Amino acid sequence: MATAAIPIPTRFTRAVARFAWLTLGCFILVVLWGAVVRATGSGAGCGANWPLCNGDFFPHHPRLATIIEFTHRSTSGLCVALDLTLIAWTFRVTPRRHPARAAVLWSFALLLSEAAFGAVLVLRHYVENNISTGRVAMQSIHFTNTLLLMASLALTAWFLGPTRGASTRTSPLAPRTFPTLWPTLLAIASTLVVGATGSLAALADTLFPSPTLRAALASDFAAASPLLVRMRWMHPAAAAVAFGCVLLVIRTRTRTARLVFALMLLQFVLGAADVLLLAPTWMQVLHLLGADLYWVALFLLAAETAWPTAAFSIEPTPGPRTLV
């Protein structure tokens with residue numbers, strides 16, 4: 001059923017773009033708090049119950065681990081509300097086939113899978129000191145999903161930006177051909193591997209802390225060490241490979257490319273500090289924050305590479321524009 005045709009002022013699109021960035025920022029904070037949950041061993045703070053906490057909607061007389069875990073679940077619920085609001089607002093101010101609509105719907109689908117993976121971690125007891133293969137696999141999948149969720153929110157905000165198109169019917173957002181696009185895809189894929197292996201390295205640092213740097217390096221290659229510890233080398237190795245892949249993408253001298261390069265160098269510094277300081281909780285959180293910011297910047301650079309024709313004005317064209 002057709003609706004009344006009304007103009008869509010640019011300021012409304014910019015407002016929802018700012019809200020999309022706000023939603024992304026809130027989700028990053030939830031991710032950082034999730035690292036606190038893991039580092040403090042509070043994953044079972046609400047017991048083997050999900051989504052309720054120890055069988056209650058609101059825990060009574062909670063211990064510290066319960067407060068930490070319940071805070072994580074509560075803020076995750078806030079992100080669901082923000083994303084639903086973002087979906088409604090995006091569909092309200094954009095026309096049919098606007099690329100932001102697809103991006104924001106992907107964010108909600110990934111948010112649902114994020115909640116499902118979190119539930120599996122709790123219900124399968126993949127928390128605290130569990131070092132099973134199932135936890136290792138789920139930890140990697142969970143963090144990969146987290147990165148993709150952040151990417152979809154960033155892409156939503158990017159498509160709603162002041163220099164992005166408001167209608168694919170007037171200026172199609174056709175992606176570049178594969179020979180031009182493959183370095184970007186390689187950089188994204190390799191960075192996802194870095195994120196997944198980094199989540200396992202952080203888990204190993206939490207469950208098997210080392211008293212000295214020499215002991216930590218020796219345990220990485222000791223046959224008697226747990227598998228999770230012997231997998232730590234995969235993270236710096238993956239980071240080195242990703243570094244070469246990303247260099248293929250940031251050859252362009254754009255503001256986003258310079259930001260990606262700066263954040264990548266910062267990540268190497270934070271990663272080295274994390275190792276030298278024996279991975280204290282605050283350093284793990286800071287390193288994760290840098291990783292999140294770097295990933296968002298890299299994905300935006302990938303968007304600029306994939307959709308170079310997206311840079312045109314979204315000022316309202318003469319005449320009405322329908323919402324559907």
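## Cysteines

Cys26 is partly exposed, with a relative accessible area of 22%; buried means under 20%, exposed over 50% and partly exposed in between, with a 1.4 Å probe and protein chains only. The closest cysteine sulfur to that of Cys26 lies in Cys79, 6.0 Å away, which is too far for a bond. A disulfide is a pair of cysteine sulfur atoms within 2.5 Å.

By this rule there is 1 disulfide. Cys46 and Cys53 form it, with their sulfur atoms 2.1 Å apart. This link is left-handed, with -80° about the S-S bond. Cys46 is buried at 0% relative accessibility, and Cys53 is buried at 1%.

## Model and confidence

This is a predicted model, in which local features need pLDDT of at least 70, side-chain atom pairs count only at pLDDT 80 or more, and totals for chains, interfaces and linings use all residues. Residues are numbered from 1 along each chain as its sequence is written, and side-chain values use heavy atoms, with hydrogens and water left out.

The average pLDDT (the predictor's confidence in each residue, from 0 to 100) is 85, and 85% of the residues score at least 70. Over residues 165–172 the pLDDT is below 50. Residues 1–9 also stay under 50. Where pLDDT is low, the predicted coordinates should not be read in detail.

## Second largest cavity

The second largest cavity is lined by Thr23, Phe27, Cys79, Asp83, Leu111, Leu149 and Leu153. A cavity is a set of points on a 1 Å grid over the protein atoms alone where a 1.4 Å probe fits but cannot get out, and lining residues have an atom within 4 Å of a point.

How values were computed: 1 Å grid on protein atoms, 1.4 Å probe; cavity = no way out; pocket = protein on both sides within 12 Å on 5 of 7 lines; lining within 4 Å. Contact = heavy atoms within 4.5 Å.
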